[in-house]
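I am opening my notebook on this protein model.

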Amino acid sequence: MDALDIEYEEVYRGTAALKFTIPAPTDPSGGYAGGVFYAGMPRDLRGFNALTFWARASTAATLNTVGIGNDNTGTSLYPATMEGLPLSTRWTKYAVPIPLPSKLHREPGLFLMAEGSEYSVGYELYFDDVQFEQLGTIINPRPAIPSQTVYTEVGGTLAVGGTRVTFDVDGRDHTVLASPRYFDFGSSDPAVALVGPTGDISLVGTGKAVITAKLGEKAASGGVNVTVVAPPAEAPPDPIVPAEDVISLFSGVYDDVHVDTWSAEWDQADVHDVEIAGNAAKRYSNLVFAGIEFTSQPVDAGSMTDLHLDLWTNDASAFRIKLVDFGANGVFGGGDDTEHEITLSGTSTPSIQTGVWNVLDIPLDNFAGLAGKGNLAQLIISGASPIVYLDNIFFLTTGPREPEEPAPAPTHPAHRVTSLFSDVYEDVHVDTWSAPWDQADVADVAIRGDAMKKYTGLVFAGIEFTSQTIDASGRSHFHMDIWTPDDTDAPAAFRVKLVDFGADGGFGGGDDSEHELAFTADTDPALATAEWVALDIPFSAFENLAARDHLAQVIISGDPNTVFVDNVHLYTVGEPSEPAPEPEHDAEDVISLFSDAYDDVTVDTWSAPWDQADVEDVEIKGDAVKKYTNLVFAGIEFTSEPIDATDMTHFRFDFWTPDPTADPAAFRVKLVDFGADGSFGGGDDSEHEITLTANSDPGLETGKWVGFDIPLSEFPGLKEKEHLAQLIISGDPNTVFLDNIYLRR
């Protein structure tokens, strides 16, 4: 009220004018001034076509708003205003054209103005001779409504806004912002959209309609193109996936994880919680793209296989879903973010349809660019339909959550085994399967009557037998069967650490040693999801385990985080459980010394009188094999019928040992040719010996058949090959099984 005053000096004519004091933008009482002048008894203004007034300011300025029709009730019917009127320090006459005078037969709102200073200081604004006139200089009205396309649903309403009329006033265009009530509206299809006198559009049926308008008899430019669709009348079916197989973002069936927002600040969409047949759902309108964020608590979907969502859309040409993983650092833009977007349509797999609930289960493998699923932080949707409904948004696993069958029963003889946990053997004492200092939960479970350990929430778990340490110096292998429902693709890794407390038998006594191995989808053996994986590890692989006669701990760790464990034991390999692979070379290309696959030449002895070894013929599942024990060196002789290997290019044999094969273990092979005289020591003998180790190609391995196919060119000391008479093997390992010994080309 303190902005308005009666001015007696600065007048256009007569004795008084209106004076408004426009405050500075920082004025404590507000940065705007204005007023509404209305009549207690409405006036008939049909005889006038303009509101006119004289105005000046104490400084050049721009008047924000001036006009008629505001009756200060909040329900004014016919406001009409002009904006951005330039003011000068000289008195100037202005005219505000009345959009359609015939409407104003009872109008109480006679004059309004509103202004804020565009400067850092205020100024004075003066009005004089404010009146209604019929001017001959106001011609050529051009009414308009905004051209727009609206996509909405049956039962809703729309309001036409932005109605205006442009007049030629004294040869210059002036635009008046006019209430929709000045206009008469029409609909191209009243069965779809009905328009009231205020420009309110009632959406009564599905289809398309165009809303147009007239100002008196003058058609307005522009129009509103309305597409009206039906909202879903029924809720989607309740999902039936067990809760333990689900991580839910939104569903009335499951407990939901925390979601920060269903429409991020940076998106272009509106979202509302709605109920459909009593079921909660999310309704997106004005959808360009919407960001659903759970960045404060990213979702670990590593064990999940699919993304489920129920979608209702009115345009099946394209609906896009993007998943974003923030990586191990859990922050956007940290350098390890990955994402992938898929597009669903009527022809995609899965496909979508319009006007029905699409129940979608999308394999997470379809999001190929998503390098990890352990830190999912965003779900971004977009598409062709401006309105979509979503429900039952969750991640799920389609695989089993526990083994359907127990691990295969171990077959090592009991006298060769030290068992920590197995139904097959008697177990030694284990103090704990989850030490107080670890981060894991363990439970005893049974699968078809077979006992096993189930670890959940596994970060690392300490299995301790410190009160009675194990002497494993006579054992060759560590064995553990594991099964996980979790994702085992990279970067998933399962680690096994063995710890020996040394001769003092106490932790931290200065002679402790340990070594940890990591198993992934790319190792041998390879991690796998929902399969029993046998970790059958030679102790030689635990290179930093300096001793193993006081083993006290097995520590397992990594991701997967749910792991079933069975048959944890140490054992000594005795003999192969399977025969060597059958050779594939053609018989006509082979000179065989020993093989069930070929006819063998004459071999005088498989252990000459002068050697230091024992040999016996054994069978492995019906396949004949040579078994050497106490091997220092063994002479295999065929001196009575030397072999002409002139046309041969390779010497081949299959090798298996239960003994350690890590350095410095070595197995040596020597070929001896007696020369043209066919006798030992005749002066023309030649020979060459090669050495095979764990570092050869292929390398020696413990408890595994290794096939060696050695070019004869690698025996350079062998001057001739026409009278081969001896094969001499030697070295450490001392127990060796041999099969398929032959020369080939």
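**Aromatic rings**

I searched the whole structure and got 32 aromatic pairs. Rings of Phe, Tyr and Trp (its six-membered ring) pair if their centres lie within 6.5 Å; planes under 30 degrees apart count as stacked, over 60 as edge-to-face and the rest as tilted. I note that this is a predicted model: local features need pLDDT of at least 70, side-chain atom pairs count only at pLDDT 80 or more, and totals for chains, interfaces and linings use all residues. Residues are numbered from 1 along each chain as its sequence is written, and side-chain values use heavy atoms, with hydrogens and water left out.

I looked at Phe421 and Trp433. They form an edge-to-face pair, 5.6 Å centre to centre, with 70° between the planes. Phe421 lies in strand β30 (residues 417-421) and Trp433 in the loop between β30 and β31 (439-447), so the pair ties together parts that are 12 residues apart in sequence. Strands here are DSSP runs (E, at least two residues), numbered from the N terminus.

Are these two buried or exposed? Phe421 is buried at 11% relative accessible area, and Trp433 is buried at 12%. Buried means under 20%, exposed over 50%, partly exposed in between (1.4 Å probe, protein chains only).

Next I checked Phe651 and Phe653. Their ring centres are 5.7 Å apart and their planes are at 40°, so this pair is tilted. Both residues are buried.

I also found one aromatic cluster of Phe20, Phe37, Phe53, Tyr94, Phe111 and Phe127.

**Cores**

The largest nonpolar core has 59 residues; among those touching the most other members are Phe53, Leu125 and Phe127. Such a core is a set of buried Ala, Val, Leu, Ile, Met, Phe, Trp, Tyr and Cys residues joined through side-chain atoms within 4.5 Å. Strand β4 (residues 50-57) gives the most to this core, with 5 residues. A second, separate core of 41 residues includes Ala440 and Phe478.

**A loop residue**

I found Ser345 in the loop between β26 (338-344) and β27 (357-363). Ser345 is buried, at 14%. Beyond four places in sequence, Ser345 touches Ala316, Ser317, Pro350, Ser351 and Ile352. Contact means heavy atoms within 4.5 Å.

I traced an open antiparallel sheet of 3 strands, in the order β12-β17-β16. Two strands pair if DSSP finds at least two bridges between them. β12 (157-159) and β16 (193-195) stand at the edges with a single partner each, so one side of each has no neighbour in the sheet. β16 pairs with β17 (residues 200-203) over 3 bridges. Leu194 stands opposite Ser202 in β17.

Notes: Helices (H or I, at least four residues) and strands (E, at least two) are DSSP runs, numbered from the N terminus.
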